[in-house]
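User: I have a structure open and I'd like to learn how to read it. Could you take me through it one feature at a time?

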Amino acid sequence: MNLLDRFINIPENATYDQMKDYRVTVPDNFNFAYNVVDVYARECPDKKALVWCDDNDGDETFTFREISQWSKRAANFFVSKGIKKGDRVMLFLRRRYEFWWIILALHRIGAIAIPATTQLLSEDIVYRNNSADIKMIVSVDDGMIQQNIEEAMIKSPSVEYLVSVQGARNGWIDFHKELESCSTEFERPIGEKATHNDDTMLLYFTSGTSGYPKMVMHNFTYPLGHIVTAKFWQHVQDDGLHLSVAETGWGKAVWGKIYGQWIAGSAVFVYDMRAFTPDLFFKKISTYRVTTFCAPPTVYRFLIRQDLTKYDISYLKYCVTAGEALNAEVYNKFYEKTGIKMFEGYGQTETTIIAGNFPGMEPKPGSMGKPAPGYDVEIVDELGKRCPPMQTGRIVIHLERGKPLGLFCGYYRNEDQTVAALSGPVYDTGDTAYYDEDGYIWFVGRSDDIIKSSGFRISPFEVESVLQQHPSVLECAVTGVFDASRGQLVKATIVLNKGYTPGKELEIEIKTFVKEHLAVYKIPRMVEFVDELPKTISGKIRRVEIRQKDAQSTSEA
């Protein structure tokens with residue numbers, strides 16, 4: 001049993017060509033916790049919702065009845081601490097199963113959930129706390145991230161509570177201990193406390209190139225936008241088991257670990273791994289009989305190097321990928337070893353899936369496919385005209401007939417950015433691509449300098465801001481350099497102040513300095529010292545020229 005036919009107007013086995021008139025019925029005051037989770041809990045309480053394991057022999061399976069009850073307990077806990085509709089709660093929960101209880105509890109209350117990665121340092125946390133006026137932080141029992149959170153508290157006046165989900169820690173509330181006394185009954189709020197479709201439900205900090213991370217808002221209808229993501233791209237199965245490789249702190253988690261999957265009736269598999277080990281990863285897929293799978297190409301590159309005959313992956317039926325362009329060699333090797341074709345897709349933190357290879361389409365390795373049902377997507381030139389085949393242009397989403405379901409509702413506390421992004425006839429994704437002769441879309445690059453390394457989106461501005469604090473750095477530019485395993489490496493091109501001599505010793509010193517201020521994935525892997533940076537007449541640094549030079553050097557190597 002699944003809930004698809006209560007929301008969409010086409011059969012769940014529809015092919016892409018049959019989705020032309022795809023529509024979603026959006027209930028008044030839709031709330032995923034009440035309208036999906038609690039419906040399953042009433043109508044098929046023993047239906048499997050979540051299967052969880054870790055590297056320490058931890059193993060838990062939760063039905064929808066249990067998920068509903070635990071999330072209600074959690075909602076009562078939050079209310080007892082004064083959390084109310086509109087309050088911001090930041091979650092550092094890695095892949096712990098408590099994440100599902102907690103995010104649903106916040107949905108029940110109408111509080112705003114802000115998932116965050118445990119790789120953030122204290123300065124990252126201070127910025128987020130103050131930008132969003134965070135009221136509570138909930139974290140896994142991890143000494144490093146909890147220490148960073150504690151250090152951030154000195155400069156974070158809005159934070160009232162720190163909550164640990166796995167045990168006691170001085171100055172922290174013990175989540176599980178508190179939950180023992182919380183009721184499994186929680187009435188849906190009414191009146192002023194009730195949630196509405198336009199209320200903010202979820203907030204993500206996402207990197208940009210012109211400033212610090214922006215705060216992307218999604219409202220309570222956002223989960224319905226992920227029906228296409230889960231059912232028609234990931235092809236999840238009713239009573240199947242879906243695995244998306246993502247930590248809960250990243251936007252990809254809600255693409256593949258909760259909303260669309262549960263609406264479509266699939267359970268979610270969560271492997272709370274400390275580090276990615278291909279052999280152990282495939283053993284988990286085999287042991288737990290995962291049926292559908294989503295991962296960035298980087299993960300597939302590791303997996304195809306394994307002897308797949310050692311594992312029983314006969315239950316695995318459908319695989320998708322996103323995050324960077326898929327190399328044909330990886331596609332072909334995986335197909336050769338498994339008999340499974342990979343279906344690429346494309347989207348952003350601000351959206352659900354924008355384009356993809358959907359059922360009934362023959363995937364082309366490296367192509368993001370065609371526009372997703374529900375999105376009016378087009379590639380346009382500088383005049384806003386549709387590009388002919390093979391001409392590169394900007395990927396835009398038309399808004400003339402209204403905002404597509406799943407598109408973000410604005411940038412939190414930044415009306416100017418929101419108006420610039422959403423008040424015109426189109427939303428400009430900031431990415432460039434081209435059509436081929438069959439109408440498939442091929443990604444070319446970002447028009448805004450964002451670096452993508454191993455699935456992480458990195459803002460050059462953030463890295464440059466830290467580099468500029470080192471006494472040796474006069475000017476710098478941060479760019480991405482092609483790397484076969486990570487997609488891109490972070491590179492820093494630096495002009496030194498007088499009195500400093502370029503060399504390996506200084507390079508190590510600068511990298512160590514950055515490591516003390518930024519998350520590990522943002523640290524420059526390459527450093528080049530130069531006499532001057534390429535600039536425009538107006539004095540702006542031309543990162544594109546640096547990238548072109550590096551690309552040429554790579555091709556000539």
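User: How many salt bridges are there, and what counts as one?

Analyst: In general, side chains of opposite charge can pair when their charged atoms come close. The rule here asks for a side-chain nitrogen of Lys or Arg within 4 Å of a carboxyl oxygen of Asp or Glu, and by this rule the count comes to 31. Keep in mind that this is a predicted model, where local features need pLDDT of at least 70 and side-chain atom pairs count only at pLDDT 80 or more, while totals for chains, interfaces and linings use all residues. Residues are numbered from 1 along each chain as its sequence is written, and side-chain values use heavy atoms, leaving out hydrogens and water.

User: Which residue does aspartate 239 meet in a salt bridge?

Analyst: Its partner is lysine 47, at 2.6 Å from N to O. The two sit 192 residues apart: aspartate 239 is in the loop between helix 7 (222–233) and strand 10 (241–244), and lysine 47 is in the loop between helix 1 (32–43) and strand 1 (48–54). Helices (H or I, at least four residues) and strands (E, at least two) are DSSP runs, numbered from the N terminus.

User: Is lysine 47 buried or exposed?

Analyst: Go by relative accessible area: buried is under 20%, exposed is over 50%, and partly exposed is in between (1.4 Å probe, protein chains only). Lysine 47 is buried because its value is 7%, whereas aspartate 239 has 57%, so it counts as exposed.

User: What does a salt bridge inside a helix look like?

Analyst: An α-helix has 3.6 residues a turn, so residues three or four places apart point the same way. Take lysine 511 and glutamate 507, whose side chains meet at 3.0 Å, N to O. They are four residues apart in helix 15, so about one helical turn separates them. Lysine 511 is partly exposed at 23%, and glutamate 507 is buried at 11%.

User: Which strands make up the open sheet, and in what order?

Analyst: Strands of a sheet pair through backbone hydrogen bonds, either parallel or antiparallel. Here two strands pair if DSSP finds at least two bridges between them. This open sheet has three strands in the order 24-25-26, with mixed pairing. Strand 24 (473–483) and strand 26 (526–529) are at the edges with a single partner strand each, so one side of each has no neighbour in the sheet. Strand 24 and strand 25 (residues 487–496) run antiparallel, joined by ten bridges; alanine 477, for instance, has threonine 493 in strand 25 as its bridge partner.

User: Which salt bridge does glutamate 528 form?

Analyst: Glutamate 528 pairs with lysine 491, their closest N and O atoms being 2.5 Å apart. Glutamate 528 is in strand 26 and lysine 491 in strand 25, so the pair ties together parts 37 residues apart in sequence.

User: And how do I read a nonpolar core?

Analyst: In soluble globular proteins, nonpolar side chains tend to be buried together. A core here is a set of buried Ala, Val, Leu, Ile, Met, Phe, Trp, Tyr and Cys residues joined through side-chain atoms within 4.5 Å. The largest one has 129 residues, and Phe32, Phe78, Val138 and Trp262 have the most contacts inside it. Helix 3 gives the most to this core, with nine residues.

User: How many residues of helix 3 are buried?

Analyst: Twelve of its twelve, including Trp100, Trp101 and Arg108. Just after helix 3, glycine 110 takes a positive phi of about 95 degrees.
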